[in-house]
Amino acid sequence: MRGVAFKSAVDDHVLDELRAIIGDDARVRPDQSSRAFRSRVPAPFPVHRWADHFPDVVILPKTAVEVSEVVKLANRHRIPIVPRAGGTGLSDGAVPLRGGIMIDCKLMNQIHEIDLVDRTVTVGPGINMLKLNEELRKYGVIYPDDPASYPCSLVGGRIGTGGWSLLGARYGHTRDLVISMEVVLPTGEIVEISEGGGRKLRKSSTGLTLKQLFTGHQGTLGITTQATLELVPRPETEFAAFFAFDDYMKAYETVGVLTRCGLATLAGVVLFDEWKIAYLRRDDEAYIPQPESVKAVVAVAMYGRRLEVEPASREIMRLGRSRGGRYLGDEISAGDWASRHDRYATPLHGRDLDGQAVIMSWHCEDAALNYSVLPQVREEWHAIVARYRERYGIFDDWGMFAYTSGPHKPWADYLVEIDVGIWEQKLDDETWAAWVSCKREIAEVSLRYGGSITACHGATREGDAELVPQELGSAWPVVKAIKRALDPNNVMNPGKQSLDEAYE
Amino acid sequence: MGDQELEFAQRWRDNAYGCFSSGHKFCREVCPVMQVTRNENHTPTAFHASIVAMEKGLVNVEDVADDFVHCTQCGACELRCPNTLMTGDFYRHRTRTVDVVKAMRALMVETGNEREAWKLWNERLALDHNEPVLGDTRVSQAHVADWAIGLDIPVGGETILFVDCEAAFFRTSYTRAFAQLLQKAGFAFGLMREQWCCGGPAAEMGYQDLALKHATHNVEDWRAVGAKRIIAPDPHDYIAFTEDYPKYFGEDYEFEIVLGVELVNDLVKDGRIALTHPVERTVTYHDPCRLNKRKGVHEAPRELIRAIPGLTFKDVDRVTQWSYCSGGGGGLPIEKPEITREISRRRVAKAAELEVDTLISACPWSERPLSEAGHEANLGVMDLFELVAVSAGIEP
């Protein structure tokens, strides 16, 4: 362990102190099952080394003061703290690397205030977007954060991981939708983080802007205990169109055309490559079969007022067909778009080298890349996965997709993702090391093409965390200085993002 | 870890991996228990993960026993699982959570990790052959058909009306309403000679031998009177007869099982029951889990409600109702009554948002907790059959 000394475990004395803070033994849980179930996220996981990731104790706080007191205790005793919201993150943000105290915020799921005049909602970090919107819909507004994990991920995790929204091109992503927040710092102070001073201000130029610092830090800089979020009018209508292509490059060009169209209601444009189509064709019975000639699909979606979306949809139809795209029909377009959340978790099975269907975990390696480099990166990524698949037989290539990720600037950078099936049951030390290596090679390609290791899932765990200093380059010392200043004892989610280097 | 645990983990592990390897937890926000406790131990994903953990020797049955109490077996998690939603059972990897919970509870009983309140409950069942739904007041064979006094229902025949436990001893107004509706339609049916509990709840709590004993008794009683078809007004009985009993008796299980709400709906549609008395109420409908979520029955009750004159029906779509439950199933109210109370309170609060005066259910087990919550919220809770009986002009 570099740079810091930790207490080896949470002992009985610490447990007593925790119980005194919380005052409810049911919310201080050192039992085996509480620890086991909070030691993983959907990211591929070395199941054979599961116990290495157990927290020592799980705390279920209800208030910021409870969180603060627990963090102060941890800081005093040099015990690692790991915050956890939904535990649906696709990197290891909510997974303890060194045990310690896990702060699970799911009981902090209240709606504190709905302000229909200044258009904000203030919530606890444990609330889920779908549940929040069920409450908001009666007021004709929504919180438009829409990750693939929309039915189950929580606001706190969205902030901690800097999540990406499927409707981001229209409404922005978590970073754009959080107006301000209350954060417990690694030393236990409770602070208000916002633009300037006002809790409901979207733009200020007073002092330094701290808000982005506390978005996407993967639990390394603090714990959000309350957040004030953006409200937008509930869209009156949505329009989705899927276009099939016989050639990837035509589909790619169409994406460029669509994203540069300048229509404000454009919510997202997605490009599925032929590996993805092939995967859906062979392994997803629910997918509506496409002819063999289909090599790529472009999906486009618009949200807004009917009077805007309906005329704009005609232009979208024209543009979608302008490079040889074939409209896949209303049923596929509306149906596949409507199932965009469910489809994200569909592939629970892949093919081994013999072509047999086996239970594989889905994992996606993502990057933020400019439009110009998508075709080259795609080829290199597939080649990497093919090599590992061929050698180990427990990986499968489930194809790639690219998605507009620039809020209000959909032509800009793209979230690009390659989906890899991993037969977790078969993992051992050798194949786990192989996976980490595969992951690193994928990330290295992203950097080589001027991209970022990740657009939304976080460079948190081994495989890409070690490349964070390289990506941040000359800014890395600044990051380290910030981490050291805010978290002098490295108690906040230690071991993540190579931030231990701050203490060397 | 004992051999039983290892054998159990190996039996269920592939099913569990289907969930574990996904881990996306879409089930979580529809789970009625999780909505209340917000404790990740109580999620369906945790149930599956615990089997994987058990196989790895990381937890044993004692570690997870309390977690597995936290389930009403409503089945919402299975429906909301993306695997089920999108791929059906193509790879035979459908996530089966209700079965897993039942199996784990059986393992808890086998390994001496049973829960105290469930143990006492099932000891009383073993003694009286009906569940102790009247608390300290004993139930008995001598009184199992008291609800039918004055209705002149014969014993035996080709069609048997099955009425046990909650419906036979506690919510008897519902049972009388149902029987009188059949009589009004001229539909011939009889009662059992000796009626025991269906055994379904015992199986849900892990008492498999007891469940089988009761099932065997009932099937023998049906055969003894030459029964060919069994009417189950209670959705819990319907589940037991259509899911548990076929597993117990295999191909030797020859009975046609008729769901009460579908039968009454058919009789109304056929004009054999005339609904002539308007009921001036504004209502919404609570889909009982074992009808909508477990069996996909959601049309018949709605058709029936719409057939009642005078009602203003403010419906909530059946998919939204996946996240609703009364909390009354799966033995939860016996071990964790405070959670059942909160689940019901929330369900009634959702109904109250629709500005209705009555919440209609179609399940006797849901009606006790819902009625209690309704009483506190000043919202009426009625059974569908009672409402239909009123509209049919039946005097209770």
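Mentor: A residue counts as buried when its relative accessible area is under 20%, as exposed when that area is over 50%, and as partly exposed in between. The model is predicted, and every value below is computed from it.

W222(B) has a relative accessibility of 0%, which is under the 20% limit, so W222(B) is buried. This residue belongs to an aromatic cluster in chain B, the part to look at. The cluster consists of F162(B), W222(B), F241(B), Y245(B), Y248(B), F249(B), Y253(B) and F255(B).

Over all chains, the structure has 28 aromatic pairs. One of them joins F162(B) to F241(B), with ring centres 4.8 Å apart and planes at 90°, an edge-to-face arrangement. F162(B) is in the loop between β1 (159-161) and α9 (165-170), while F241(B) is in helix α13 (residues 235-249), so this pair ties together parts of chain B that are 79 residues apart in sequence. F162(B) has a relative accessible area of 1% and is therefore buried. F241(B), at 0%, is buried as well.

F241(B) also pairs with W222(B): the planes stand at 85° and the centres are 5.1 Å apart, so this pair too is edge-to-face. Here helix α12 (residues 208-224), which holds W222(B), is linked to helix α13, which holds F241(B), and the two residues are 19 apart in the chain. F241(B) thus takes part in a pair with F162(B) and in another with W222(B).

As a general point, side chains of opposite charge can pair when their charged atoms come close. D99(B) lies in helix α7 (residues 97-110), so to speak a distant part of chain B, 148 residues from K247(B). At 25% relative accessibility D99(B) is partly exposed, whereas K247(B), at 58%, is exposed.

R193(B) is in the loop between α10 (172-184) and α11 (200-204), and 28 residues separate the partners. D221(B) is buried at 3% relative accessibility, but R193(B) is exposed at 53%. Elsewhere, shared partners join several salt bridges into one network made up of R38(A), R84(A), D104(A), K106(A), K25(B) and E40(B). A search of the whole structure gives 66 salt bridges over all chains.

The ring of F170(B) has R368(B) over its face, 3.5 Å from the ring centre. In chain A, the charged end of K426(A) is over the ring of W423(A), at 4.9 Å from the centre.

Next comes the boundary between the chains. In chain A, 59 residues are in contact with 43 residues of chain B. About 4,100 Å² is buried between the two chains, with 59% of that area from carbon and sulfur atoms. Four salt bridges are counted between them. K350(B) and E135(A) meet in a salt bridge at 3.3 Å from N to O. E135(A) forms a further salt bridge with K138(A), at 3.1 Å. E135(A) is partly exposed at 24%, and K138(A) is partly exposed at 47%.

P44(A), H48(A) and L90(A) provide 59% of what domain 1 buries against domain 3, more than any other three residues. Two salt bridges are found across this interface. R49(A) and D429(A) also have side chains that meet in a salt bridge, at 2.8 Å from N to O.

How values were computed. Residues numbered from 1 in each chain as written. Chains lettered and ligands numbered in written order. Predicted model: local features only at pLDDT ≥ 70, side-chain atom pairs only at ≥ 80, totals over all residues. Heavy atoms only, no water. Phe/Tyr/Trp six-rings, centres within 6.5 Å; stacked < 30°, edge-to-face > 60°. Helix = DSSP H or I, 4+ residues; strand = E, 2+ residues; numbered from the N terminus. Buried < 20%, exposed > 50% of the residue type's maximum accessible area, 1.4 Å probe, protein only. Lys NZ or Arg CZ within 6 Å of the ring centre and 35° of its normal. Buried area = accessible area lost by both parts, 1.4 Å probe. Contact = heavy atoms within 4.5 Å.
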